[in-house]
Amino acid sequence: MNELKVYNPATGDLLAQLAMDSTELIETKLKAGHDALTVWRKTSAYERSALLTKWAALIVANKAEIAKIMTEENGKPLKESLGEVDYAVSYLTWYAEEAKRIYGRTIPASSTNKRLIVTRQGLGLVAAITPWNFPAAMMTRKAGPALAAGCTFIVKPAEDTPLTMIRLVELAHEAGIPKDVLQCVIGYGHEVGPVFTTSPYVRKITFTGSTPVGKRLISESAATVKHMSMELGGHAPFIICEDADIDYVIGQAMASKFRNAGQTCVCANRFIVHQSVLAEFSEKFAKAARALKMGNGMDEATDIGPLINQKGFDKVVFQIEDAKAKGATVLAGGNTFADHDKGTYFVEPTVLSNVTLDMNIMSEETFGPIAPIIAYENLEDAVAIANGTPFGLAAYFFTDNYKRGIYLQDQLDFGIIGWNDGLPSAAQVPFGGFKESGLGREGGIEGIEPYLETKYLSIGQL
């Protein structure tokens, strides 16, 4: 039987060897999830709500253990892992309440002998593919609304970080959620994906990851006309206007850019700074970046952990070298550390100035701790730079001028916008992007809609 080996990206230590699910076993699990719908759909909204609430409580009770698992397999600082556990729980508690707010309606008929009724129901078995960068929150952000809606759920975690998700599923079963209602599969994406997309049992695919993989899943699902939710790539602009409070901006920029070593889909990737505050921002931002401590996430003093693997490391190194070759100046960091024998890869928090639009880092999503700074003089130019990408997930701008702020909110083609806010994500708000950054929304009241079908009933001869 094939095995999946899970390593600590900070030390190279082997954490676990997991049995890989065969195609036959995955298909068996899919049928079991489909068959479990018969019973799960009959549970009341209050029963589903209570089970989600109990699951959330068990995660809270095991918070320290889950955070430790996450840091060991993902590399992020332990304090960030603890925060992610809370974030993951917030989706379960939110959708435990939303389960009780799935409303239908009665529509006035055009004749007196009819009654027209609309109801909502879970659409069926949902297959999820989750990323390695937020292994807990990205799972509960999908499972919470799916289970609340009355769907059954099967999830494939990222190969680099399956252990966090496995523990979450164990706790869900301990909470009383039936094993066939919430399942997991272990395997490589390129092998599991086609099984999900071609299965007649799966009615919805929900995916968080790269845009190229998302496009492939959409294409492969066309033959069976599956519902799709896609949270894909981003390339977030961070616009700093001339009236911005730079000291406040620095704190927000640090949180947005360097969380999880810059390995997030919504982190600031392009710092677009007004010429009048360029020198002040660049100096203070570089100083703050140099103060960050790089190391093992289990060390309480660590601010920046390792990159997840060599593929991610190689891309970051390429972007730094490409920028330098084209004239960028390194204001902070710039050094990289690879131990290929151990499989550990670190990049110093890096700030680049004198950046130009022809540099790779300005056109391709960065998944690492690199912050390129480019100047602008006219706000229209800043908007053009910000929108000059096929992605439209998150954007940030900083100004205390309300007219300027409303203008930017109107002009920026992004699904999530932070105005003087570098961390806008929350369970109660819709998360998702424009253009090639995805389909649908996760979180908020909008987040349960993609898991529901609308059924219309016309009753005659009253």
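Lys63 is partly exposed, with 23% relative accessible area (buried means under 20%, exposed over 50% and partly exposed in between, with a 1.4 Å probe and protein chains only). Its side chain meets that of Asp86 in a salt bridge, 2.9 Å from N to O (a salt bridge is a side-chain nitrogen of Lys or Arg within 4 Å of a carboxyl oxygen of Asp or Glu). Lys63 belongs to helix H3 (residues 63-74) and Asp86 to helix H4 (residues 78-98), so the pair ties together parts 23 residues apart in sequence. Asp86 is also partly exposed, at 39% relative accessibility.

The model is a predicted one, in which local features need pLDDT of at least 70 and side-chain atom pairs count only at pLDDT 80 or more, while totals for chains, interfaces and linings use all residues. Residues are numbered from 1 along each chain as its sequence is written, and side-chain values use heavy atoms, with hydrogens and water left out.

The structure holds 22 salt bridges. Side chains of opposite charge can pair when their charged atoms come close. One of the salt bridges joins Glu97 and Arg101, whose closest N and O atoms are 3.7 Å apart. Glu97 is partly exposed at 33% relative accessible area, and Arg101 is partly exposed at 40%. Another salt bridge, 3.4 Å from N to O, brings together the side chains of Glu242 and Arg404. This pair links distant parts of the chain, 162 residues apart: Glu242 sits in the loop between strand S10 (236-240) and helix H9 (246-258), and Arg404 sits in helix H13 (residues 402-411). Glu242 is partly exposed, with a relative accessible area of 34%. Arg141, Lys142, Glu231 and Glu442 are linked in a network of salt bridges.

The protein chain contains 13 helices and 22 strands (DSSP runs numbered from the N terminus, with helices being H or I of at least four residues and strands E of at least two). Its radius of gyration is 23 Å, close to the 23 Å that the globule rule gives for 462 residues, so the chain is as compact as a globular protein of that length (the radius is taken over C-alpha atoms, and the rule is 2.2 Å times the number of residues to the power 0.38). Buried residues make up 54% of the 462 residues. Of the contacts between residues at least 6 apart in sequence, 72% join residues at least 24 apart (contact means heavy atoms within 4.5 Å).

In H1, Ile26, Lys29, Leu30, Ala32, Gly33, Ala36, Leu37 and Trp40 are buried. They cover an arc of only 165 degrees around the axis, which puts them on the same side of H1 (the arc is that of the directions from the helix axis to the C-beta atoms). An α-helix has 3.6 residues a turn, so residues three or four places apart point the same way. Glu24 and Thr38, on the other side of H1, are exposed.

Glu365 lies in the loop between strand S15 (350-353) and strand S16 (370-376). At 14% relative accessibility, Glu365 counts as buried. Leaving out residues up to four places away in sequence, Glu365 touches Gly233, Gly234, His235, Thr264, Cys265, Asn269, Lys315 and Gln319.
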